[in-house]
Every structure is written in structure tokens, then in C-alpha cells.
Amino acid sequence: MSAPSPNKLAVPLAPILPRLELDADGTALLASLPDAAAGLEALIAAKRMPEAMRLIAHAMPKREVVWWGCMCARAAPNAALPQQDAEALAAAEAWVRKPDEQHRRAAMAAAQKTEFQSPEAWAAVAAFWSGGSVAPEGQPVVPPADHHTGHAIAGGVVIAALRGDPARAPDRFARFLLSARDIAAGGAGRLAPEEN
């Protein structure tokens, strides 16, 4: 019998708290909790889903969180998605499958062809901000801040939740949460695209 998969959200909460940009009530809600998994449950119980999405984006490993952003974008499709945004999503997914320097830079090149208005674009930016250097090739190394990937995905996931019909956001957040939990447990986190 194999050991159960570790929960990738069971990471210390204290280092993540400053990245969550919580109000005083949110900070008090999470102050005494030991890990991000417990923090997530507290935010869900308090019906603070945007903050819960933000916590996931900062708690999961970067490769997994970029994949989660891609899955959320695919779950809330845009029938009128510009081709450039579709290409940004494909580039982000390619980086997840092979997280090397070539794919990381290709993700940003694809994102730069968008207007940075879609979850697809922000997934590609998040892949680029996952490591390496943000300076042009051949220039001195300028590493991205460690929290940039989480910020990009948190924003992209909220854009996906609100896309087209903001009234769908509560249902979308619930589905995105299922995806995140699956990914955190070692799964693929795939969600069927919603029907328009």
C-alpha cells in the first residue's frame, strides 16, 4: 500500500500572510493557524473566497499553481478569446509540462502579445515570474520576487471567476477550489469547461 500524497497546501502560513493583503478581520481570522491548509478552511468558512483563492496562489508550489491558473481559465472559457490569449495559455501549459528556461521565456513572449486582460495571459506571466531572470537574455540576472507568481495567478483566477457573467463567480470559486484541492493532493485538477 502506498503512502497518501502530501497536501501541498500544508505549508507554514506565517510567511504567506503578508502576501495576502488581508484586512484586519482577515488577518485576525488566520493569525493563530498553523498552516495554509487550515487558513484556507477558515477563509472558506468565513465566505471569503477571493482571499481563499489568493492564499492558494501563494501557498502551492509555483509549477502547480501555474497549472491551477490554467485549469481555472479553461473551466471558465471565453468564446471570444483572442488568439493571442489562447497562445499564452498554451505557452503556460508548455512551461508546466517542461519547466525549462526556453519555455519560461516563451510564456512571457506569448503574454506580451496580449493585452494582459485574461487569466490565460496572467498564467503565462506567472510562468515567467517563476524563477530565472526577468531581465532580457544576455543582461545581468534580475530574479523575480518570490511572490510574483502567486500575485499573477491570484489575479488571473479572480478574472476567470468574473469573466462574462460575474453572477457565476460563487459557483466558479467552488469549482476552482475543487481543482486546487486535487492538485494539492497530487492530481491534475482538471475541470470540465462550463457550458455557456
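This briefing covers the fold, core, surface and selected residues of one protein model.

The model is predicted: local features need pLDDT of at least 70, side-chain atom pairs count only at pLDDT 80 or more, and totals for chains, interfaces and linings use all residues. Residues are numbered from 1 along each chain as its sequence is written, and side-chain values use heavy atoms, with hydrogens and water left out. The protein has 9 helices and 0 strands. Helices (H or I, at least four residues) and strands (E, at least two) are DSSP runs, numbered from the N terminus.

**Overall fold**

- Along the sequence, the pattern reads α-α-α-α-α-α-α-α-α.
- The radius of gyration is 16 Å, close to the 16 Å that the globule rule gives for 196 residues, so the protein is as compact as a globular protein of that length.
- That radius is taken over C-alpha atoms, and the globule rule is 2.2 Å times the number of residues to the power 0.38.
- The C-alpha trace spans about 45 × 45 × 45 Å along its principal axes.
- Among contacts with a separation of 6 or more, 61% join residues 24 or more positions apart. Contact means heavy atoms within 4.5 Å.

**Burial, surface and charge**

- Buried residues make up 45% of the 196 residues. Buried means under 20% relative accessible area, exposed over 50%, and partly exposed in between (1.4 Å probe, protein chains only).
- The protein exposes about 9600 Å², and carbon and sulfur atoms supply 57% of that area. Accessible areas come from the Shrake-Rupley method with a 1.4 Å probe; for residues, only the protein chains shown count as cover.
- There are 19 positive and 21 negative side chains. Lys and Arg count as positive and Asp and Glu as negative; His and the chain ends are not counted.
- The centres of the two charge sets lie 4 Å apart. Each charge is placed at NZ of Lys, CZ of Arg, CG of Asp or CD of Glu.

**The largest nonpolar core**

- A nonpolar core is a set of buried Ala, Val, Leu, Ile, Met, Phe, Trp, Tyr and Cys residues joined through side-chain atoms within 4.5 Å.
- The largest such core holds 59 residues, of which M53, L55, M60, W68 and F176 touch the most other members.
- At least two residues of this core come from each of α2 (36-45), α3 (49-59), α4 (62-75), α5 (83-97), α6 (101-111), α7 (119-128), α8 (148-162) and α9 (169-184).
- α4 gives the largest share of this core, 9 residues.
- L55 touches L13, L20, L30, A36, G39, L40 and L43, with residues up to four places away in sequence not counted.

**Helix α3**

- α3 is mostly covered, with 10 of its 11 residues buried.
- The buried residues are M49, E51, A52, M53, R54, L55, I56, A57, H58 and A59.
- Cover for the buried residues of α3 includes α1 (24-30), α2, α4, α8 and α9.

**A126, in helix α7**

- A126 sits in helix α7. At 0% relative accessibility, A126 is buried.
- A126 touches V66, T149, A152 and I153, with residues up to four places away in sequence not counted.
- A126 and G69 are 57 residues apart in sequence, but their C-alpha atoms are 8.9 Å apart in space.

**Loop residues**

- K47 lies in the loop between α2 and α3. K47 is exposed, at 72% relative accessible area.
- Phi of K47 is near 60 degrees, a positive value in a residue other than glycine.
- F116 lies in the loop between α6 and α7. F116 is partly exposed, at 29% relative accessibility.
- Phi of F116 is near 55 degrees, also a positive value in a residue other than glycine.
- V134 is found in the loop between α7 and α8. V134 is partly exposed, at 32% relative accessible area.
- Beyond neighbours within four places in sequence, V134 is in contact with F128, W129, V142 and P144.
- V134 and P144 are 10 residues apart in sequence and 6.1 Å apart in space, C-alpha to C-alpha.

**Q83, in helix α5**

- Q83 belongs to helix α5. Q83 is exposed, with a relative accessible area of 51%.
- Q83 and K113 are 30 residues apart in sequence and 9.7 Å apart in space, C-alpha to C-alpha.
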